[in-house]
Amino acid sequence: MRIEPADDAMFRERDAWRYHPPYDFYDSDGLPVKNPELFFAVRDDDGALIGFYFFEPVDDGLFYGFGLRPDLTGRGLGEQFVLAGLEFARPIYGRCRVVLDVAAFNERAIRLYRRLGFAETGRHTETFDGYGPVEFVDMEKPG
């Protein structure tokens, strides 16, 4: 697995990903990414895009976002993928508190994050065109 700065080709490919319901919530909205410099492409040994990471320093921590290619989800790869991103980020951002949020309906991801040491710190709701209000679980892992 190789992690490199995201480029336009990665964003175009990611925009074509389509997840099965209810995970289709994570499909791209087709809008340009606001801060592409915070994204990293994750490629397999043959150069195929398998996912992406997003890291944004916030206060005394690091917001962590990521996505795994739809055909690779639900196959037991999540733990390795999430941990690889955390390991990649450590030398860049240091040992710090890591925060993320996840749609509350995404129970399989919430179970994984808890297993990896993330704890729920709160909930919030955001409204999206085409979906309406969506509840999110805020999670945190100490540094």
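Figure 1. F105 is partly exposed because its relative accessible area is 31%; with a 1.4 Å probe and protein chains only, buried means under 20%, exposed over 50%, and partly exposed in between. This is a predicted model, in which local features need pLDDT of at least 70 and side-chain atom pairs count only at pLDDT 80 or more, while totals for chains, interfaces and linings use all residues. Residues are numbered from 1 along each chain as its sequence is written, and side-chain values use heavy atoms, with hydrogens and water left out. F25, at a relative accessible area of 11%, is buried. A search of the whole structure gives 25 aromatic pairs, where rings of Phe, Tyr and Trp (its six-membered ring) pair if their centres lie within 6.5 Å, and planes under 30 degrees apart count as stacked, over 60 as edge-to-face and the rest as tilted. The ring centres of F25 and F105 are 6.0 Å apart and the planes stand at 90 degrees, so this pair is edge-to-face. It links distant parts of the chain, 80 residues apart: F25 lies in the loop between α1 (8-15) and β2, and F105 in the loop between β5 and α3. Helices (H or I, at least four residues) and strands (E, at least two) are DSSP runs, numbered from the N terminus.

Figure 2. An open sheet of 7 strands has the order β1-β2-β3-β4-β5-β7-β6, with mixed pairing; two strands pair if DSSP finds at least two bridges between them. Its edge strands, β1 (2-5) and β6 (119-128), each pair on one side only. Strands β2 (residues 39-43) and β3 (residues 49-58) are joined in the antiparallel sense over 5 bridges. Across this pairing, V42 has G51 as its bridge partner in β3, and R43 stands opposite L49. The hairpin of β2 and β3 has 5 residues between the strands, and G47 there takes a positive phi near 90 degrees. β3 also pairs with β4 in the antiparallel sense, over 8 bridges, and G51 stands opposite L68 in β4. In the hairpin of β3 and β4, with 2 residues between the strands, D59 has a positive phi near 45 degrees.

Figure 3. β3 is mostly covered, with 7 of its 10 residues buried. V82 is placed in helix α2 and counts as buried because its relative accessibility is 2%. The C-alpha atoms of V82 and Y53 are separated by 8.9 Å, although the two residues are 29 residues apart along the chain. Y53 belongs to one aromatic cluster, whose members include F55, F66 and F81.

**Figure 4. Lining of the largest pocket.** The largest pocket holds about 1900 Å³ of space. Of its 48 lining residues, F25, Y26, F52, F66 and G67 are the closest to the centre. At least two lining residues come from each of β3, β4 (61-68), α2 (78-93), β5 (97-103), α3 (107-115) and β6.

Note on methods
1 Å grid on protein atoms, 1.4 Å probe; cavity = no way out; pocket = protein on both sides within 12 Å on 5 of 7 lines; lining within 4 Å. Points joined across faces, edges and corners; volume = space filled by probe spheres on them.
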